[in-house]
Structure formats: structure tokens, C-alpha cells
Amino acid sequence: MNTIAVESGLILAGVLFMLGLISVLVRRNIIFMLISVEIMLNAAGLAFITAGAKWVQPDGQVMFVFILTMAAAEVSVGLALILQIYHQLKTLDSDAANKMKG
Amino acid sequence: MMLAVLIIVLMAGGLLAWISHQWHPQAPKWISLVSVLIDFAIIAIYWLQHYQIGDLFNDGWLASYKVPWIESFGISFNLAMDGLSLLMLVLTFFLGVMAVLISWNEISHRVGFYYFNLLWVLAGITGVFVTLDMFLFYFFWEVMLIPMYFLIGIWGHENKRYAAYKFFIFTQAGGLLMLLAILGLYFLHGRATGNFTFDYLQLLNMELEPSTGRWLMLGFLVAFVVKLPIVPFHTWLPDAHSQAPTAGSLILAGLLLKTGAYGILRFVIPLFPDAAAEIAKPAMLLGVVGILYGAVLAYAQTDLKRLVAYTSVSHMGFVMLGAFAFNKLALQGVVMQMITHGISTGALFILAGCIYERIHTRDVTKMGGFWPNMPRMGGIALVFVMASLGLPGLGNFVAEFLTLVGSWQVSQKLTILAAIGLVGATAYSLRIMQKVFYGQALPAGDHAVHDITIREKFILIPMVVVIIVLGIYPGPVLQTANAPISNVLDYKPAKKVVATNTLEMKGGTDEQE
Amino acid sequence: MKELLWLIPALPFIGALILILAGSRLSRSLVPVVGAGSVGLAALVTLLIGFEFLSGTRAPFEQLLWTWIEVDGFKPEVALYLDSLSLVFIFVITFVGFLIHLYSAEFMREDEGYSRFFTFLNLFVGSMLMLVLANNLVLMYLGWEGVGLCSYLLIGFWYKEEKNGYAARKAFIITRVGDTAMAIGLFMLFRTFGTLDIQAILSGAQDTWQVGSQTAVAIGLLLLGGAVGKSAQLPLQTWLPDAMAGPSPVSALIHAATMVTAGVYLIARMYAIFELAPLAQLWVGIIGALTLLISGFTALTQYDLKRILAYSTISQIGYMFLALGVGAFSSAIFHFMIHAFFKALLFLAAGAVIHLLHHEHDIFRMGGLRKKLPVIYWTFLIGAASLAALPLITGGFYSKDQILWYAYAGEKGNIWFLVAAMTGAFVTSLYTFRMVFVTFFGTEKTHVGHHAGTLMTLPLVVLAILSTLGGFIELPHTMGHVQLFSDHLSTVLPAISLKEGVESSEWIVQLIAAGLSLTGVYIAYFLYVQSPQSVERIKTSVNALHQFWFSGWGFDAVYDFLFVKPFLWMARTNKADVVDKAYDGVVVSTGYFHRGFAWTQSGIMRWYMVGIVIGTILVVTLSLIYY
């Protein structure tokens, strides 16, 4: 079985994470921000899987399952919030939600 | 037991006054008056009895009461009284009665809560004067602080919020430093002896590293110096005094400031004799600065209560000067100063309150020429103005003279500077008389100025009598304070004695050490 | 009898107490009965005790009333001490005081503050008696400050006038400067001797100090400071002329006869210290000499009747200080007594004149009163003659002559003191008779309203007799050589020792003094009666000098500039308390922090993310670096 070098997996995870992070920072649409957060979560998951494979431990996959469940919960709460924001502000622009300005 | 009763009467009276307001609007006044009078009677009778028996002059504690409280931390409900505490208690209840009486008509809203606060302040002060457990001391220290905050913040004058916050933040900041120092002492003592306790008498004989001692002493000193107050920590005082209701100013000036002086005598010097001796000169210098600075500022004020407040700054400088002179003369002067200043300045605040009731202003530029309308009030004011400038024959003279004679033994230069403060005192004191009672009568405004009422006579005439008696026959006070002061001096670095650690009291008298 | 000593100060105090408690309820005729009556009784007791004292051994008598303060060896008692020195003082205080009380009963009758006036006056007499009878310096300090208080109250008696209040405060504050010096002197004395009992100090001083000891000099100078303040000597003399704002009986009682001589009493009482501190004693003399000259010249230029008398009081007390300075203690006390008689007389007479002329103070608007007010004229003339020391017939001559003589002949005397005193004597007679001629001679310029009653004139007559006859109890060697007074004091105060071989020249000094005094009278007569126009000529030719003298040699202006203005400036600029500004600074900077951090809460979610990212990176990097 061909093994993929650990480095490649980690680099992919890193790239994915950076992509997600950058798009969270630059996107104003909340849906896209949510998606980007999902990408970051999955990048983290990938990193866990890679590490698990490297050390031949089940912990990596356990952590990934954790992340999946957490992501599911997060998405449901997030989507509910997004709906509320849309309902209140009639827009999905995250910058419009600045009522808490100090 | 008596000591606990004193505190409980006040606390219970306070609660009852609060509740009773629903039953009858007059009830809180009477309940508070009765509870303070009970306390005053108890302590006055005690003093008279034991003065006659003569056991007041013995060394040691006169009465004590100790029950365990939080044993796992070494905290006990430990009260004890010596001559110094006794004098302070007499002063507390005497001024307490006056404070209740002066509020009689002044307070019209939330009366029940007002008297609750008033009595709890008094309870806190009482506790501070008699407690021997450091934790309990801190507890009472806070108990007198918070009700006072409400007294100023709710029933004060136009700028009350600001003044109340300022008062709270200043004293609380000092108080927290003291808490740190108390905890430091607690842990150091615990580690050294394995006995974790807040008991003052056990902490008393602890050997401390010089540098540790210095820091812990500063923690205490800052709390007391802020309370006293000494320049440059005094700026809460003019605001708090001028904005508080009359009774609030009376208690602040008459009692709360004295807790600072008491703290120095009871804690700073005995607990940290070496560290206190180290900073004696700077501390005395601060006292002198306070005397002079307060005098100049008092002269400048146009708000009558602010003016009197700054005179307190000036007078409390003498306390600092005397306390750190470490000799009997000066310390007796300090004790006298605590009492006489409480009465004379308290009376000046009462007078300011009376005038405020009549013309609704504290601005001296809007006063003048009141003598024809209120000659009796003027005469009484004259007595206290003279007391404030240190006229012989009135109590304050004895205090200041003793302090200065005592401090002369230690530092001539500082004493000379402090004596110059007496000239300043003359200037600002006479200004009060001039601005309020002398001069051309102002065109009659909306308010007819009438002379002293019966209730005001009940308040002011006893104070006049007391200040005169203290001036010509201070013997009883000096004798009562004699033993405790000798004790304080025993902790002077050179002859620090190892006292017994346990405090076993049986009834009124006991020989300690 | 002696056991009644405590009654002497107590009686006036009791009188004051009755007036305080019941003053407003007493009828106007009862008020003076209480006021004057209590002082009268005190005078009676003084007479009885004095008689017993003089007929007995004249041993000092001490009466302990109670222990005032007792702390650690500091034990001032409330105890009275009677010896021949204090006897002279209580005699003068009670008798002159009583006469002035009598006079006031009529003088103040119309005043609304009738009972207040007597209260203060009684308090004053009580405090003054306490001052002179005290057996220790703390109790003396009580009297000392007490008279200061009463002086303040009485100068500002007519409190509605702003300027009276100012004068009152000025008096109190300036004397308090002196008092503070004295208090410091007391601290030093206590440190040296461990007691403030006067007799103990006097006897201890000789054992403790060498002549010229530094401590002794320092203490002497500090006590002198106190004396200078109370006795209105250079450089603290400026309060007395302004103190004339008070009612005339007050000026007579406090600011001429009794209180201002407290300084003389203090120095005489503590003579041992000054004997051991020649430098301090020399300064007493110098201050006396300078003061008598400066205020003498100032008196020449004044036109307010009471101010002339005020400056002349300062000047006469200058003579007493000069006497003390050369060690002629009993001469100083003698002059004090005679001065108390004639100066009280002059003030009371002046008060009567001013009263009858509807509060006219300017002597140049008076005139011709000789015929209108004969009793007042004659008594005033007798007083003035005594002040000017007209030879042979007046008490003032005998008392002042002694001082002049000892200023030169005393062991500590010198020619400069004599010159100053002589010049002063000439100026004194000049301004005294200027006052007499301008006020009572010439044409009538202001109409006399009414006439003085018996209560006002009787004290004048009694005082006139006393100020004339009083001189004859002490006559110089050259004429009669009577020494009743100095013999009386010899038990307390040391006699003066003279220089070698000067006795023979005593008559020369007396002759010159007499000549100067008469010349002064003549010049005054010439200038103010015969050719008034020459006065104007002199005045315009030395206008600047006149102005300078008139303003009291510019002392007020200097003090104003040096002390009052800076103090007021300091007070005013710092009214808001600069220390509070520091705390305001804390508040303001907290505000800035608050705004700074609040700004980061922009409400834009992406910024928060950036914040989180940067924070994470920082934390991770730092932890990588340090672990």
C-alpha cells in the first residue's frame, strides 16, 4: 500500500486551514464565513487523521469524530443565528451586525 | 459580653428602625435614639464605676469577649477593651446620640433605611474600636464603610454621587492594602509557628524580617493614613464632608477619622515597632505638611463645610506628628486630639448644618451678619471656632500643646513648623466667625434666620460643656488613656517585651503581661 | 484672707458667666451691676489681700486649685502665685478695670450689645488676672491667649463694620505670631527644666546655665517674641493702632492699661533668664528704644485722637522695654503702673470727647473744648502732663525719669539708649501737647451734643488723682529719695547696679529731661496755638517724610507685601487643591484607557477574528520561544 508522506498530509491540512482562515477574514457574507469555518474545522480534522496514521493510534480518528459532531452542532446553531440575523437585518452582511459597538 | 451587646444593640436597632418605618414614620428616629442612648448609658456607667474603683488605671484589658467563629482559619469573634477603646467608645456613642438628634428633621425620605445606615456605621466603628481579631477588624472596617457610602450617596447634597464614589474608592483602596497586609501577617505567622491565627495578641510578638515588616507596615499605614487623612491622601475628605448630610459629616469628622488614628496607635506601632521607628521622621513630616497645607486650603474655601473639612486635615496632622513622636506626652496629646477634635469639628459641622437648614446654602459669601438674629448660636460657634484655633481653656489646646511639647523632644524643626500652623489656624478660624456672624446683615432673603431651637440646644450645649471641661480638667481622660499609651510605648523597638499569648479574661479586670 | 486669692480671678469669670447665661433676660440696669460689681468685688478682695500681704512678711503665697494636666512629668497646675510683683499687677488690673467698668456703664448705655460688652470685659479682666497670678507658664499662657481672645472680641465689638472685623482679626493673628514664639519658648524651657513652674525655672536657671548660654539666649529671644506681640513692640506693633476700632473703654482697659503690658510682666517675671542671656536682654532694650522712637514720630503726624494715644502707648511701652533691657526691672513696673493710670485716663477722656462730639475722631475738627467740657479738659490735661512727664508735679515725670537715668547709668545702659530715650521724651511732650492744644484750644469746630454724667467723670477724676500722686511713692535720690515702690518689689526683682562713679551726674540727666519736656510743650504751643501757618509750611516741606511717618513707617505695607499677599495668593490659586488634580489625572487616564479599549470593540466580527488569530499566533510563538 502506498503511503502518503506525513508531511504532505500536514501541508494539505495547513493550506486548507489557511484558506479557511483567510476567507473568514475577508468574506462579509455570513454563510461563506460559516463555510470557511467548516473548512478550518475539517483541516484540523485532517491534521488529526494524519497524525493518527503516523503514530498508528486510534486517537486521531476519535478526535475527528469529535470534530464532526462538534461541527454539526456548530452548524445548526450557526445557521439558526444566521437566520435570525437575516430576519432582523434583511442582509447577510456580517458588518451590518455591529450593534454591540463599544 | 458587654462589648458584644454594644454592637448587637446597634445592629438590631438598625434593622428594627428599617422595618419599623412601615409601622409608623416616626418610629425609626425613636428606635435609633433609644438604642444609641442605651449604648451610651452602658459605657458611661461603666466608665464612671470603674473610674471610681480605679481599675481603669491598671495595665491590661478591661473587658473582653471571645467566642470561636471560623476555627479552621483561626478566626474568632474576639473583642476586648482597654482605656483607649473605652474613651473612643464614649466618644462614639456621645456623637452617635448627637448624630441621631441632628437628623431629626433633616431627613425626610427613606427614613427607615437612613437610620439603619446610621446605626450600622456606628456599629462598625464600635467594632473597630474593640476588636482584637484582625479578620474581624477588617470586617468591621468594611461595615463602617458601606453604610457611610449610602449615607453620602443617598442623602447627600448636590454632588453626592461623586463624593460617595470618591470616598468609597479611596478608603476601599486603602482597606484592600490593609487586607493584604493582614493576610501577609497571617501566613507569615502561620508558617513560622504552625499556628494559623488572626489573633492580634499572638501576631503581636512576631519577629519579622525588616523588609517584610516594612511592607506590611506600609499596608496598614496606608489604610489608616487615608482614613486620617494625611496629605496627599486627603482629597476624598473635603468632598465627602461637604456633600454628606449633617450627621454624616459629624460621624465622618468625629469618628471615622479617629479610626485611622486608633489604627496607628493600636496596630501600626505595636505590630511593627521597628518599621514604624524607621519611618517616624517622614511620617512626622507628612503630619506637618498636613497641618500647614490644610490650614492654607481651609482659608481659601468658600463652602462652609469644605472649610471645616480642611481644618480637619490640618488638625489630623497633629495626630500624625504626635503618634510618631513615640513619647507619652505626644501620645496623650494624640488621644486628646482625637476626642476634642471629634467634638469641636463635629460641632462646627452641626452648626454648618443648622445654618444650612435656615438659609439653604453653604456658601459663606452668601452669609454674614447673623449675630443680631442668632446671638446664642453665634456664641456657641465662637466657642468651637476658638477650640479649633487652640485657645487655652478649651480641650483642643491641651491636645495640641501636649503633642507639640512631645514632638519637641524629638524634632525641633518640625515642631516649629507645626506651631506655625497655629497661626494659620487662627486665620481660618476667625474667617468663619467673620464671614458668618460678623459683618453687615445681608438683605433678608426668603428665609428668616431664627436663633437656636430647643433641639439644637440639646445637641450643642452638652458639646460646649464637654469641650470646656476637657479644656480645664482633662485629668479623667488623660488617666484613662495612660495605661494603654504606656503599652503602646512598650513596643518601642528598644524594649519590646514578649507578652503572653493567651488572653484569658475573667470579668472586668485582669492583669495582662 | 489669703485663702480668698482664688476669688480675684474667679469673680470676674462668675460675672461673665451670669451675663452669658442670663444676659438677655437681665434688665439694662442690672447688667452693669453684675459686670462692674464683680470686678469691684475683686478689687475689694485685692485690697484686703494686699493689705494683709503688705503688713505681713511679704512672703510669696501659692494657692493650688487643681492639677490641670498631668502627663509624664509635665504637670501644669491651676495654681495662683501672689508676690509683690503680681500684687502690683492685680491691684492695677482690678482698680483700673473697675473704674473703666463704671465708665462703660454710662458710655455703652445706648448700645444694643450692652450685656455682651460687659461679658467680654469681665472675661478679659478674669483672663488678665489669671495671666499675672499664674504660678506656671502654661496657665499664664491660658491668660495670655484669653486676653487675646477678649481683645479680638472687643475690637470687633461693633461687628457690622467690615473694617472693625478686619482690625480685630489683625490683632489676634499678629499677637498669635508672638504667642507661637512664646509657646516654642515654653517647649524649650520644659525640655531644659522638666517643668514650667515659674519659681522652679527661676531658681533652676542659675544652676543650669552659664551667663550667655545659647539656650538661655534662644529662650529669652522667644519669650521676647511673645512679649513683643502682646505689647505691640517692633516688629509686631502694627495691630495696636487699628485696634482703636473698638469702643474707647476697651482701648483704655486693654490696649493701654493692662493687656499690652503683659509683655512687660512676662519679661519681668522671667527676669532670671534675661539676666543670664545678656544678648536677649540687650535686644529687649534695643527693641524698646527703637519702638519708642518710631511710634513717637508716628504719633506726631496722626490726627485721629485715639490713634495718637495708641502710638503713644506703643512708645511708652517702649520705655518699659528699655528699662527691662537695662535691668531696671522695678522702674519698668513703676512706669507700667503710672502709665496705666494716666493712659487709661487719657483714653477715657478721649472716649468721652469722641462720644460727646458724635463719634468725631479727627482732632482738627475739634477745638475749643476747654470751656465746654471743663472736667474732661482738666483731667485730660493732667493725664497729658503726666504722659509728657512735666517735671516735679506729675507721676509720669518720676517714673520716666528713672528709666532715663538707668538707661544711661545702669550697668547695661549706654549713651545711645539715653539719646533715644531723651529724643523720645521730647517727641512725647511735643505730640502730647499738640493733641491738647488742637483739641481743647482754638475755636469750636464741632458742637458738643450733651454732657458727661457722673459715672463717666468720676473715674476720670480718680485716675487723675492717682496718676499725679502715684509718682510720689518713688522719688529719686536727688529729691527726697523715697523708695516705697522699689523696696516693695525688691523681694522679687533684683535691684539694678549702676556704673562706677555716675551717681553725681543724675541731676544733669534730670535737668535735661525736664528741659526737653518743657521745650516740647512750648514748641507745641508755638506751632499749634501761636502760628498754625508754620505747621503747614513744615508739613509741605517734608511731605514725603510726613507721609512715611503717618503710615507708621510703612510696616503695614511691608507685611502686606511679604506675608499677607503671598498667603492669599497661595490660598486663592490653590483653592481647588492641586493634590486633587493628581487624582483627577488618574481618573482621566482611566477614561482614556476605557475609550482606547472600547474602540477595539468595533462590532465588526471579522476584526474580532483577526484579534483572535493575532492573539493565538502571539501566544504560540511566545510559548515556543520560552519553553
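User: Is C:Asn164 buried or exposed?
Analyst: C:Asn164 counts as buried because it has 20 C-beta neighbours inside 10 Å. The cut-offs are 20 or more other C-beta atoms within 10 Å of its own for buried, 12 or fewer for exposed, and partly exposed in between, with C-beta atoms placed from the backbone. Bear in mind that this is a predicted model: local features need pLDDT of at least 70, side-chain atom pairs count only at pLDDT 80 or more, and totals for chains, interfaces and linings use all residues. Residues are numbered from 1 along each chain as its sequence is written, while chains are lettered from A and ligands numbered from 1 in the order in which they are written.

User: Which helix does C:Asn164 lie in, and what does it touch?
Analyst: C:Asn164 belongs to helix 6 of chain C, residues 162–193. Helices here are DSSP runs (H or I, at least four residues), numbered from the N terminus. Leaving out residues up to four places away in sequence, C:Asn164 touches C:Ile155, C:Gly156, C:Trp158, C:Tyr159 and C:Ala245. Contact means C-beta atoms, placed from the backbone, within 7 Å.

User: Switching to cores: how many residues has the largest nonpolar core?
Analyst: The largest nonpolar core has 435 residues, and B:Val268, B:Met320 and C:Ala421 are among those with the most contacts inside it. Helix 15 of chain C (residues 329–356) gives the most to this core, 20 residues. A core here is a set of buried Ala, Val, Leu, Ile, Met, Phe, Trp, Tyr and Cys residues joined through C-beta atoms within 7 Å.

User: What does B:Met320 touch?
Analyst: Its contacts, not counting residues up to four places away in sequence, include B:Leu228, B:Ile230 and B:Met284. There's also a second, separate core of 7 residues, which includes A:Met40 and A:Phe48.

User: And how do helix 9 and helix 13 of chain B pack?
Analyst: Helix 9 (residues 236–243) and helix 13 (residues 304–323) of chain B pack at an angle of about 140°, with their axes 8 Å apart. Axes are lines fitted to C-alpha atoms over the stretch in contact, and angles run from 0 to 180 degrees between N-to-C directions. So helix 9 of chain B is oblique to helix 13 of chain B; under 35 degrees is roughly parallel, over 145 roughly antiparallel, 65 to 115 roughly perpendicular and the rest oblique.

User: Last one: how many residues does the contact take from chain C and chain A?
Analyst: The contact takes 11 residues from chain C and 11 residues from chain A. Helix 27 of chain C gives the most to chain C's side, with 5 residues.

Terms used. Two residues are in contact if their C-beta atoms, placed from the backbone, lie within 7 Å. Helices (H or I, at least four residues) and strands (E, at least two) are DSSP runs, numbered from the N terminus.
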